[in-house]
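Dear colleague,

Please find below the structure that I am handing over to you.

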Amino acid sequence: MSTIEFVELEQLQPDVLVHAVLRVVDITILIEALYSYRGEKQRKVMLTVEQAKGQHYVLILWGHGAAWYPQLQRKKDYLWEFKYLFVQRNCILENLELHTTPWSSCECLFDDDKRAIMFKAKFQNSMPSFVKISDLATHLEDKCSGVILIKAQILELVFNIIADHKIVINAHSSLKSIFSSLPNITYIGCAKCGLELEMDENKIYKQCFSCLPCTIKKIYYRPASMTIVDGFHRVCIHVGSKLIEKILLNISSDGLSRVIAPSSEITYGMVAADLFHSLLAGGGAPCIVKVQSLFVLDENSYPLQQDFSLLDFFPDGVKHASYALP
């Protein structure tokens with residue numbers, strides 16, 4: 001465990017142990033999310049943490065880590081050093097979460113602590129961290145995990161609805177077909193964890209028992225798989241719900257049916273359909289994508305697994321139509 005490193009949240013990789021200095025933003029106790037620990041029922045404690053301002057991540061406290069709740073609550077918004085956290089992918093929301101382990105520890109850092117001073121110098125600077133723009137061919141050849149910027153074209157977006165049904169949006173998709181598919185690329189989910197909620201025989205949404213007493217529902221965009229191409233190379237990237245919303249210029253998933261102005265007949269759904277159409281028309285518009293890559297190699301450096309997840313999206317010259325549906 002001596003080789004475990006302190007990490008930046010935007011460079012997390014799944015299934016590894018890490019140390020991290022984090023600011024605790026919020027604390028939630030999920031009353032009905034019970035599990036057994038040393039023969040007793042224990043509630044799940046969930047922290048909202050950040051390094052860069054406003055970029056929130058989830059840290060779940062398990063086992064003895066749940067006993068940290070009182071001191072964390074008293075010193076919320078302070079900086080804390082957490083050790084031996086396990087990084088795990090949330091398959092529902094398509095993001096990475098931190099989880100405590102039996103070896104985990106925490107320590108509150110005072111403002112004059114060297115670690116706190118280094119944290120503030122790094123993450124409270126107004127200038128964003130520099131990430132070098134790479135090309136896909138070089139990155140696939142190097143097979144190095146990390147965060148990269150790539151200028152590429154988006155060829156396709158695929159939304160998986162159920163096991164045998166998916167919605168594909170590409171250069172062959174008409175504006176009308178994209179618009180008609182919008183209700184199917186959103187879903188009703190738990191406002192706390194994002195789990196898609198099923199309906200009972202009376203067409204009433206079931207509750208998310210893991211997050212009770214929270215019974216609030218929310219409309220989400222479905223995660224998607226995005227195919228990008230750079231030169232002769234193409235890869236498939238996981239895109240979470242929040243990034244789909246950013247691609248659609250932050251059009252809320254619950255506002256697609258609303259008109260953009262009281263006197264207008266144009267809805268936000270028509271705008272969203274046009275954004276998808278413009279992004280993918282003509283083989284894909286050029287854009288900059290910030291990607292988290294993960295390579296798992298064998299002893300001969302052959303990739304056993306390679307995964308890519310979208311961290312951010314920067315459109316480049318996407319032109320918009322008049323929202324007229326043919």
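I begin with Phe276: leaving aside neighbours within four places in sequence, this residue is in contact with Leu157, Phe159, Ile169, Ile178, Leu182, Ile185, Ile244 and Leu248. Please bear in mind throughout that this is a predicted model.

Phe276 belongs to the largest nonpolar core, which comprises 42 residues. Within that core, Phe159, Phe276 and Leu310 are the residues that touch the most other members. Another core lies apart from it; this one has 26 residues, including Ile27, Leu59, Leu72 and Phe82. As general background, nonpolar side chains in soluble globular proteins tend to be buried together.

Turning to the aromatic residues, the structure contains five aromatic pairs. One of them is formed by Trp68 and Phe82, whose ring centres are 6.2 Å apart; their planes stand at 40 degrees, so this pair is tilted. The partners come from distant parts of the chain and are 14 residues apart. Trp68 sits in the loop between strand E3 (56-61) and helix H1 (69-74), whereas Phe82 is in strand E4 (residues 79-90). Both Trp68 and Phe82 are buried.

A further aromatic pair joins Phe119 and Phe123, and it too is tilted, with 4.9 Å from centre to centre and 50 degrees between the planes. Here both partners lie in helix H2 (residues 114-123), where they are four residues apart, about one turn of the helix. Phe119 counts as buried because its relative accessibility is 4%. Phe123 has a relative accessibility of 17% and therefore also counts as buried, the limit being under 20%.

Finally, I come to the empty space inside the model. Rolling a probe the size of a water molecule over the atoms shows where such space is left. The count comes to one cavity of 30 Å³ or more, and the largest cavity holds about 30 Å³ of space.

Which residues line the largest cavity? They are Leu12, Pro14, Arg89, Leu96, Gln292, Ser293, Leu294, Asp307, Phe308 and Ser309. Strand E13 (286-297) and strand E14 (303-315) each contribute at least two residues to the lining.

With kind regards,
Your colleague

Conventions:
Residues are numbered from 1 along each chain as its sequence is written. This is a predicted model: local features need pLDDT of at least 70, side-chain atom pairs count only at pLDDT 80 or more; totals for chains, interfaces and linings use all residues. Side-chain values use heavy atoms; hydrogens and water are left out. On a 1 Å grid over the protein atoms alone, a cavity is a set of points where a 1.4 Å probe fits but cannot get out, and a pocket is an open set with protein on both sides within 12 Å along at least five of seven lines; lining residues have an atom within 4 Å of a point. Grid points are joined across faces, edges and corners, and a volume is the space filled by probe spheres set on the points. A nonpolar core is a set of buried Ala, Val, Leu, Ile, Met, Phe, Trp, Tyr and Cys residues joined through side-chain atoms within 4.5 Å. Buried means under 20% relative accessible area, exposed over 50%, partly exposed in between (1.4 Å probe, protein chains only). Contact means heavy atoms within 4.5 Å. Rings of Phe, Tyr and Trp (its six-membered ring) pair if their centres lie within 6.5 Å; planes under 30 degrees apart count as stacked, over 60 as edge-to-face and the rest as tilted.
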